[in-house]
Amino acid sequence: FTGLDFEMVIKNHYHEVLAFGESLLIFIIRSLQNRPEYVRHTKIVDQVFPGAGNFRLPAGDSAVRLTFAEGVKLLNEKGIEATEYDDLSTAQEKVLGRIILEKYETDFYTLDKFPSAVRPFYTLADPENPKVSNSYDFFMRGQEIMSGAQRVHNYEQLCEQMRQNDPPLDPLSEGFRHYTEAFRYGCAPHGGGGLGLNRILQFYLGLPDIRFATLFPRDPGRLAP
């Protein structure tokens, strides 16, 4: 697994982080589609995996961005059972990807405002509706390639959310003390996300298995080379 994480200070609103991540992904994908050396490599892959070069983006530089609730509504309209405060299964996400491709003509999109109950304890809740959070996922071909959020930056709030977690977490325990103590000294509002580079490559090329996008894959049946 190869990951690319980023964190940034928020000046006014956490959508600054979301917009940066969207712009980064669109830049990467358009570069893969337009630079001659990458086009040549994609054509080679296409000889083995037909359709490798057919990834679609919307016109312009803006990504399609929906709230989690809007994504659930699209599923419900197609007869797929889903609720606003429960996480989506992999199967539901794939169906939603096909719906969005048909409706918005894009294989890349973001979902914003995930339910607070399905996100980590350090995720900041929406101040206007604590049932949802300032968090988001990026998707390619209906599968997640990044999960991110605005983080809690206030020490007391962070400790309280840890205690309210299911199961409860002790912010003063040996396992968490050094993490939580850092927030005592002050921390700016911030957010970020973690990109899975293997997954980006897999879904951009439409590969059937992530091991095809991994240089030295490891699984229960392969330890070498």
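Predicted model: local features only at pLDDT ≥ 70, side-chain atom pairs only at ≥ 80, totals over all residues.
I take strands to be DSSP runs of E, at least two residues long, numbered from the N terminus. β1 (3-9), β7 (143-151) and β8 (190-196) each give its lining at least two residues. β7 gives the most, with four.

I noted the pocket's volume as about 160 Å³. Its lining includes Asp 5, Glu 7, Arg 119, Arg 151 and Gly 194. By class I found three nonpolar, five polar and four charged residues there.

Next I turned to the largest pocket. I read about 250 Å³ of space in it. It has 14 lining residues, and Ser 116, Arg 119, Pro 120, Phe 121 and Gln 161 lie nearest its centre. β5 (129-133) and α5 (155-164) are the elements that give two or more residues to this lining. I sorted the lining into six nonpolar, six polar and two charged residues.

Then the cores. The largest nonpolar core has 25 residues. Leu 25, Ile 29, Phe 108, Phe 138, Met 140 and Ile 145 have the most contacts inside it. α1 (15-34), β6 (135-140), β7 and α7 (197-205) each supply at least two of its residues. α1 has the largest share, five residues.

Beyond four places in sequence, its contacts include Leu 25, Phe 138, Met 140, Leu 195, Ile 200 and Phe 203.

I also logged a second, separate core of 15 residues, with Val 64, Leu 88, Leu 96 and Ile 100 among them.

Conventions:
Residues numbered from 1 in each chain as written. Heavy atoms only, no water. 1 Å grid on protein atoms, 1.4 Å probe; cavity = no way out; pocket = protein on both sides within 12 Å on 5 of 7 lines; lining within 4 Å. Points joined across faces, edges and corners; volume = space filled by probe spheres on them. Nonpolar A, V, L, I, M, F, W, Y, C, P; charged D, E, K, R; others polar. Core = buried A, V, L, I, M, F, W, Y, C linked by side-chain atoms within 4.5 Å. Buried < 20%, exposed > 50% of the residue type's maximum accessible area, 1.4 Å probe, protein only. Contact = heavy atoms within 4.5 Å.
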